[in-house]
Each structure stands twice: as C-alpha cells, then as structure tokens.
Amino acid sequence: MKSLQELTRTNIWNLTPYSCARDEFKGRAASVFLDANENPYNNPLNRYPDPLQEKLKAKLAPIKGVPASRIFLGNGSDEAIDLIYRIFCEPRQDNVVAMAPTYGMYGVCADINDVEYRPVTLNDDFTLDAERLLAAADEHTKVIWLCSPNNPTGNALDRNAMERILTEFQGIVVIDEAYSDFSSQRPFRLDLDRFPNLIVLNTFSKLWASAAIRLGMAFASEEIIALFNKVKYPYNVNQLTQQQALTVLDDLQHIDLWKATLLKERFQLLPAVAELPICKAVYPTDANFFLARMSDANSIYNYLIDRGIVVRNRNRVQLCGNCLRITIGTPQENNALLGALRQYRPTP
Ligand SMILES: *Cc1c(COP(=O)(O)O)cnc(C)c1O
C-alpha cells in the first residue's frame, strides 16, 4: 500500500477540522451547559448530539467484532461512499475502478465529485475477474470498489479474488458488505488487521430493518477513520437516529428471528420462481434478494405493478437483460408474488 498521506488529497491531509462545543468540552461531569448557544428549554432535543456517537459505537463494537476506534458512523452508507471520494480523490485528476454491474451510488458519487469512474464488467456468471480490475487501475487510481454480496446480482464474490486485489492494489479497497448478514462467508471487517488499505461498509438498512433512520457504518484502520471524522459534518448522525439505533441493538434475538425467516423464505422462493415457464434462470444469492432472468422482464414488471407488486426491473443494466431483482418479503408477500407470476400470460 502507498502511504496514507500519498493516497489522501493534500487539502484534506492538511485540514484543520471544525471544532464544535461538544468536542472541546469532554469528560468531567457538568450540569450547566452555556457553551453551544442552545436553547435551555425543550429537553432533551435542545442539545446537540454526540458528534462521535461514542455510546452507540461502544455498543456496536462487540456486536460487529470491531473496536470502537475503527468505526465511522454516517447518514447511511451513502455518506461514507461520498466521503471516500472527498478524502482520497482529486477531482479531474484521480480515478476509481469498480466492478459492473454493481450498486449505483459509487458511480453517481464519482460524477458528483468529478472523479473518473472506470467500470469493469464481471464475468458472464457474475464472478469477479481480479486480473481485469487490477489491469484497469493506473497510478491515478485511488480506490477500487467491491460489493459482496453484490447488488443487483446477489452473489458473494470469491474471497481469494478479493484478497488478491487487497494485496496487489496499492490504493484503498472498499468492500461494501451491506448484505453480508445474509451470507455464510466470513465478513471482511474481521480482517482489518491484515489489510491496512481496507474499508468495509455495513448498514442498518438491510437485516437490521432500519432504513428509515439513515445509519451506515464504515470499518477501517484508526488512521482512515480519523480522516472520515475530519471531513464529516460535525453532527452527521442526529440524536433521534442514535437513540433508535441503541434500541434496535437491545433486541438482537429479534433480528436473528427475522434472519431465519428471510433465509427460509429465500430457500423456498428461489426454486419456486425458477420452475415457472416464464423464468429462464434464477441466480445464486447470498443476499435478501435475488436476480431472475425472465422471458420478458418489461412486460412482467408492468403486469406485477398492475397487481400492486413492485420489483426492480434491471433489464437495462449490463449483463442483466430481462432480469428482475426481487427482494424477499414476508411469507404472505412472497406468496402474492408467486401467485401473480403463476397467473401471468404473455400477450400474443
Ligand atoms: C442498500 C445498500 C446499501 C445501504 O445504503 P444505506 O445508505 O446505508 O441505506 C449500501 N450498499 C449497497 C450495495 C446496498 O445495496
């Protein structure tokens, strides 16, 4: 790996971050807070939230198996994705490499930050060709984006291929593991010690069923986390979100139940869709969704909409012609989908 200073934009490396009232006063007990121009009324929402979310990180650390000092929390994973560009990529000069198809935000954030985005098409069976990704990188490549299990294809990537990229690429490697809770593969966040250039993304939006509170996690070395903390908005995770996240983590047993139900439903729904005459292929999945290649994705998509069932039409995504991306729902929802698909008749 190149040195972190070489990889970081000079203005960010030299940045003196904003110092907020809650940063300056820490520790000793106090009961009169006249330092932040808050209104003393309307407790507790009158107070600025903890800028570093220490209580929440302390609770997350044992659950995720990552020390609190290696955790960044943001307004969804989307904040972490955007910050990675702002920290490492000089607009109009640096570039990033990503697999394709994959999650759309990596490309959108590249465009917003005016950074060249180099998509490298996956193999036809959606597996990763590490060689071709590495070959797409040059001396201006700061970041390689990997997503495993991948959205929209659903498959987990080969671990050896990912490790090869982590060892041979000299820049930052991001592995987005938004769906790793649904996979049997060992999550990369447990291997931060072996890969100083690794950033792993997780989210509250999927298995933890809290997309509405907008809370994403990044795991990385303390040095990389320090860069995130320098650049983020001072109070990037609001108090209501921090409170609700603590509540969610109080009931991990409930989350395990959701997971068991969703995996069981996935196990049943996949073969049932696969045996429909209008289905050409169902692709193996490690996530809470799957990709199905249909006889006519556009017409089936519209047919389902007419019946009040919304899936994601990925027909126009590369390698995904005639594919629908289907999220695993409740047993009732999955039955409604299956029933509708069984009744579908192509218009002659
Ligand atoms: C859903 C999803 C996320 C989650 O994003 P949030 O901003 O945390 O809701 C991240 N990455 C991928 C690949 C996803 O599919």
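How many nonpolar, polar and charged residues does the lining of the largest pocket have? The structure examined is a predicted model, in which local features need pLDDT of at least 70, side-chain atom pairs count only at pLDDT 80 or more, and totals for chains, interfaces and linings use all residues. Residues are numbered from 1 along each chain as its sequence is written, and side-chain values use heavy atoms, with hydrogens and water left out.

By class, the pocket lining has four nonpolar, one polar and five charged residues. Here Ala, Val, Leu, Ile, Met, Phe, Trp, Tyr, Cys and Pro count as nonpolar, Asp, Glu, Lys and Arg as charged, and the others, Gly among them, as polar. The largest pocket has a volume of about 320 Å³. Ten residues line the largest pocket, and R22, F25, F33, Y48 and D50 are the closest to its centre. Points are joined across faces, edges and corners, and a volume is the space filled by probe spheres set on them.

One cavity of 30 Å³ or more was counted. The largest cavity has a volume of about 50 Å³. Its lining consists of S148, P149, A156, E177, S180, S183, Q185, R186 and P187. Three of these lining residues are nonpolar, four polar and two charged.

Two helix pairs were examined. Helices (H or I, at least four residues) are DSSP runs numbered from the N terminus. Axes are lines fitted to C-alpha atoms over the stretch in contact, and angles run from 0 to 180 degrees between N-to-C directions. Helix α5 (residues 77-88) packs on helix α9 (residues 222-231) at about 95 degrees, with the axes 10 Å apart. α5 is therefore roughly perpendicular to α9 (65 to 115 degrees). Contact (heavy atoms within 4.5 Å) involves A80, L83, I84, R86, I87 and F88 of α5 and I224, L227, F228 and V231 of α9. This contact has nine nonpolar, no polar and one charged residues.

Helix α12 (residues 297-306) and helix α13 (residues 331-343) pack at about 125 degrees, their axes 11 Å apart. The crossing of α12 and α13 is right-handed, meaning that the near helix is turned clockwise from the far one by less than a right angle. I300, Y303 and L304 in α12 meet L337, A340, L341 and Q343 in α13.

Conventions
1 Å grid on protein atoms, 1.4 Å probe; cavity = no way out; pocket = protein on both sides within 12 Å on 5 of 7 lines; lining within 4 Å. Parallel < 35°, antiparallel > 145°, perpendicular 65-115°, else oblique.
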